Each structure stands twice: as structure tokens, then as C-alpha cells.
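These are my notebook entries on one structure. I set down what I looked up, entry by entry.

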2 protein chains.
Amino acid sequence: MRNIKLTIAYDGTGYHGFQAQKGTGLLTIQEALERVLGILTKEQVTVIGSGRTDAGVHAWGQVVNFHSKTRIPAERLPLAANSLLPPSIVVRKAEDVPPDFHARFDAVSKTYCYTIYNDRIMLPFWRNYAYHVPVALDTVQMKKACAYLEGRHDFSAFCASGTAVKNYVRTIESFRITQEGCLLKFAVTGDGFLYNMVRIMVGTVLDVGKNKLRPEDIPEILKAQNRVAAGTTLPPQGLCLMNVEYPPHFGKSHLDRGREV
Amino acid sequence: MRNIKLTIAYDGTGYHGFQAQKGTGLLTIQEALERVLGILTKEQVTVIGSGRTDAGVHAWGQVVNFHSKTRIPAERLPLAANSLLPPSIVVRKAEDVPPDFHARFDAVSKTYCYTIYNDRIMLPFWRNYAYHVPVALDTVQMKKACAYLEGRHDFSAFCASGTAVKNYVRTIESFRITQEGCLLKFAVTGDGFLYNMVRIMVGTVLDVGKNKLRPEDIPEILKAQNRVAAGTTLPPQGLCLMNVEYPPHFGKSHLDRGREV
């Protein structure tokens, strides 16, 4: 049995998120992938994603894996899959990985990008890929706010209420803002993310940019550990899963873990 | 009666082109604009475009004008219209212009951009805004081909067959290729364009890039004055109307034309 890792990009517009919602008839990325991989391999394929993305959220570097006995060489899988997939989903890369590789459990960090279109009028081409902020933003203050969110913290205040997780502590390795014309890109890398965490973090940083909050309020919000202390959840279309990292030299070190098969 | 010029951008995906197709029930840019301007002005508004764009073709700088007695100041019109328009259509600018300004008849040149995504795999975000060419292209040869198309020529070979125009002579001021990563942008400026002309011109230049034609074949194709001599018509989604030029100092010179009102 092979274990195949795919790096995929998708335009989340019009999809009900990544994760299959069996029996609902709702269109999801996972089901579209499983259907096409099922046709190619002539097997019932289950796709394991690095994590779910919400409806309307995009991916440039989502990672999934699936088990199969197919003899299609990995390097030929992308074109074969892309010829059957809708153009809104693209397999960028396929690799054979060790049998115990698991796209979700082995992920060590993820990078998301949230895009803000910061101009009075938003051009129509960006409406599904950015969130429109027509007012001026104080980038210097926003960068200070981002810096306060970096590091190891309890992110309870930045997690959608009603989520049942035990541990709200996550480490944000970096949270940076770059500007390209009227686009502000918030890139955040961390070892894990709570539900809606990026969209709430950027929403809170925007409140700083609008002078509704001071950067120094961020430590207080973190300390409060209460969702109502932070800013609003921004809409999904500005969010894109850029990259999922796995242990360096994964293949080798993974094989050498001494698993008994 | 005021005459108001609007500069608009739109995402042509999902529209049946610019021009109203009365009674067909098909969604067009012109009808969406007329409906919204009708609500704002409380008048029956007719919008005059600089020209039509086909289904799926985009615009960054389409120009239209309309006559109205509305008292809404021009500078307030964009936000007012945008609040009612679907997010796929945006009014970028509104200006009062002399009463005889006509978006179509006064246009002296237009610039179109055709975008090619030149990589083995096309990212899904570009599927409605670029044409995918997965094979290598010879840019040097394509630039030579573009140069042959610049100037004043009979473009019969580059006009969709079945068009009833009398004069196929047009002047292409410039036809340039720029590269941004895997995006190839073909920018063409001219005093007028025949039906499908840009899409056939870029299609023919691509044949040169694929070594199916030589740049030196272009003069022969022009001379043939026969549609079958040129390359295929590329699909609409790569095309965008970037800019429409009107006489310099238009307002003044226009007013001074000595029209008798």
C-alpha cells in the first residue's frame, strides 16, 4: 500500500470548506478530491487533510495524504488529477511518503495569509480574495500589535466561542505585515491554530490600525482569556492557507523512527 | 441636463458581456449599471459605453457616459453607485463632462491587456483572469511578432468572420509583452479594434511563441486579409479593457469646438 502526499491549491469560493460533510450534498474540497482520486485509482479513497479550512477560505499549499495501491507514478498524478478536477482545485505536487506519514498529526507548523484591500474603492477582481477596508490604517501601530501576539500564549480570547478544545496554548512563530500597493498581507506562522484564530487576530490588529485599540491592549486581551475581549472575526475570503511544514528531512527521519511494522 | 462620465471596472465572469440584450433576460454590465443609476437618479438612464466587451471579458478602465438631471455631486456618485452595484462592478470615478461628450465616438484610443499564465500548472485563482499555456514560449520571437503588428494595417485577417464592417484598417500604437513571474501580459494600444481582434492577435503571437509560425509570417498573414491565415481566437477570460483615451484637455477643447447648442 502506498502513502501519497499531495500539495494542493484551491479557490474556496463556492465550496462549503475543506472537510467532507457526508450526506449533506454540500460541495467540499475533500469530496471533490476523493471523487477524482477514486476515478484515477479505481479505489475508494479517503483523503486526510492537514486541517480543515472554512467555507470561502483558500489554499495555496494545503497538504493531504491518501493510501492507495495505484501504480500511477507520483510525478504523473498532478496532471492526471487536474484533468478531472474542477479548475478551482489544483494538485501542485504529489510525492510518495513513508507509510506512517499523516498530513494532520505530523504537521509541525502552518502559515496563513490574510489579505486586506486598503483603498477607498476595491477593484472587483479582489472581492473573493481580500477583505475591503476603505479607511486609513496605522501600519506602525499594527506591526506593534502583531509583535505582541508572537510567542507562546493562551489564545482563548482569539478562539470562536463554543469550541470544545482542552488546550488553548499555541505558539505564533511570526506575525508579519507586508504591503504591495493597496494590499496589506498579514502572514502568520504558528504550531497550531484554534478555530477562527487567524481571522480574529487580524480583526483585532485592524482595530489597532483604526485606533480603536492600542498595541498595549493586546497583552490585556490575551490575559483576559475571553472571546469578547478581542476584535471581530473577519470574513473568510481574505484567508489563504499558504504552507504546511513537516519535520525537516521528514522522509528519512520518519523511516528511521524505529516503527515496528 | 448633465452629462456624466464614469470610469468603471468589472469582473466579466458570469456576465453576458457589456451590452444590454433587452428582452433576453441575460445579465449584462450595461443593464446592471442602468438599473442602479436609475435608482439613484430616479430617472430612466441610458448608459453609453466606449464599446462593448464580450462575455467573460473584464475591464479595469471602461468608460461610459449618461445624461441626467440628478443633483448628486459627481464626487459622491461612485460610493453611492457602488453601495447598490454587485461587487463585481465598481464605479472608480465620476466626472461632469461637456454635453456633447460621447464615450464611444470621442474615444481616440484603447488599451487592452491579455494575460497568459505560462506554467505547467495554473493556480486556481487565475482561472477566470488568465489563459493557461502549459508549454514553453519563445518570448524573443513573440516580441518580434508583436512589432510586426504595430503600425497602420488592414486587419481583416484578425477579425472574426461574419462581421459587417467596411473598413478593416486600424493603427496599433504599441503591442508589448511584459513578464511578472509566470504571467505574460500582452498590452496592446490602438485607435480601434475589430471584433475579437486582440484575442486573435495574441493567439497568433502565441503560435510564434510555440514555433508554429515565424515572426516573418505576420506580414504575410496581414497581406492575406483572410481570417483563416491567422491563429485561433483565445478565450475571453484573459482579456481586460485597461484604458480608454479621449482627446487631451478634452473638457476645454471639447467646449471650444464651436458647437452650436
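This is a predicted model: local features need pLDDT of at least 70, side-chain atom pairs count only at pLDDT 80 or more; totals for chains, interfaces and linings use all residues.

Entry 1, helix packing. I looked up how helix 1 (residues 29-41) of chain A meets helix 2 (residues 77-84) of chain A, and found an angle of about 120° with the axes 10 Å apart. Axes are lines fitted to C-alpha atoms, for helices over the stretch in contact, and angles run from 0 to 180 degrees between N-to-C directions. Helices (H or I, at least four residues) and strands (E, at least two) are DSSP runs, numbered from the N terminus. Helix 1 and helix 2 of chain A are therefore oblique to each other; angles under 35 degrees count as roughly parallel, over 145 as roughly antiparallel, 65 to 115 as roughly perpendicular and the rest as oblique.

I noted that helix 1 of chain A contributes A:Val36, A:Leu37, A:Ile39 and A:Leu40 to the contact, and helix 2 of chain A contributes A:Ala80, A:Ala81 and A:Leu84. Two residues are in contact if their C-beta atoms, placed from the backbone, lie within 7 Å. I classed the residues of this contact as seven nonpolar, no polar and no charged. Ala, Val, Leu, Ile, Met, Phe, Trp, Tyr, Cys and Pro count as nonpolar, Asp, Glu, Lys and Arg as charged, and the others, Gly among them, as polar.

Residues are numbered from 1 along each chain as its sequence is written, and chains are lettered from A and ligands numbered from 1 in the order in which they are written.

I found 17 residues of chain A in contact with 17 residues of chain B. On the side of chain A that touches chain B, strand 1 (2-10), helix 2 and strand 4 (89-97) each give two or more residues. Strand 4 of chain A supplies the largest share, three residues. By class, I list twelve nonpolar, two polar and three charged residues on this side of chain A.

I recorded six helices and ten strands in chain A. The C-alpha atoms of chain A fill a box of roughly 60 × 45 × 35 Å along the principal axes.

I located B:Arg176 in strand 8 (residues 169-180) of chain B. Leaving out residues up to four places away in sequence, B:Arg176 touches B:Cys146 and B:Ala187.
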